[in-house]
Amino acid sequence: TDLQKGLHEIIGYLLSDCDHLIILAHSLGSVITVDCLLSPLPTLGATRVSLVTMGSPLKRFLYNLFPDICASPEQLCNSLQQLIRGFSWINISRRWDYVGGRLSSGSGTQIHQRSLNEWGRFHAGYWFDRAVHDALVDLLSTCTQQQSDTPQSAGARNWDSALTAISYEWPFDLLWRTRLKIFDFFVVSTFIWFSLQILRSLGDR
């Protein structure tokens with residue numbers, strides 16, 4: 001598809017001057033990225049690739065609801081490790097995320113996972129969450145140490161500098177940062193309101 005072709009071109013461009021590619025994907029983006037990496041990518045043969053998924057619905061929705069047509073995350077990881085030399089998979093989720101979650105329930109999986117118990121944080125806002133950043137740095141360091149005697153964390157440092165580059169003092173920045181929390185609050189509040197209305201209507205009968 002055009003989406004796969006475009007992602008292939010971006011990956012190929014990055015690999016022209018990169019020995020360790022770190023791909024970050026959130027929500028449906030994790031599905032698109034895994035699908036793209038499973039297609040033939042000959043340029044990935046000499047490169048280490050770390051896939052970081054956040055709030056991924058690969059297991060909770062795709063595999064659990066459509067097991068006949070969607071492979072489990074563990075099977076996907078095994079396939080990617082066979083296709084891509086030095087491949088590692090990191091998954092970060094939140095306990096209260098209503099879309100994404102853990103990609104494996106077993107301890108022997110090749111997927112490195114971290115579940116964050118953050119109250120008031122749901123599916124949005126992974127990109128700007130300091131706890132997510134800290135978990136990523138820790139897991140990325142662990143994966144790198146397992147694959148190489150010389151750990152590299154340039155991707156995490158680049159993300160860290162991007163976080164600190166934006167001022168949090170301007171009112172507009174604060175409003176822009178909290179827009180996703182406001183949306184999450186609206187969704188949860190609406191769900192609770194409808195649930196109460198249903199319970200009230202059942203109680204009146």
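Author: Rings of Phe, Tyr and Trp (its six-membered ring) form a pair if their centres lie within 6.5 Å; planes under 30 degrees apart are stacked, over 60 edge-to-face, the rest tilted. By this rule there are 3 aromatic pairs. The model is predicted, and local features need pLDDT of at least 70, side-chain atom pairs 80 or more, while totals for chains, interfaces and linings use all residues. Residues are numbered from 1 along each chain, and side-chain values use heavy atoms, without hydrogens and water.

Reader: Why is the pair of W96 and W119 called edge-to-face?

Author: The ring centres are 5.5 Å apart and the planes stand at 90 degrees, so the pair is edge-to-face. W96 lies in the loop between β3 and β4, W119 in the loop between β4 and α5, 23 residues apart. Helices (H or I, at least four residues) and strands (E, at least two) are DSSP runs, numbered from the N terminus.

Reader: What makes W119 count as exposed?

Author: Exposed means over 50% relative accessible area, buried under 20%, and partly exposed in between (1.4 Å probe, protein chains only). W119 has 71%, so W119 counts as exposed. W96 has 37%, so W96 is partly exposed.

Reader: What makes the charged end of R94 sit over the ring of Y126?

Author: The rule asks for NZ of Lys or CZ of Arg within 6 Å of the ring centre and within 35 degrees of the ring normal. The charged end of R94 is 4.1 Å from the centre of the Y126 ring and is counted as sitting over that ring.
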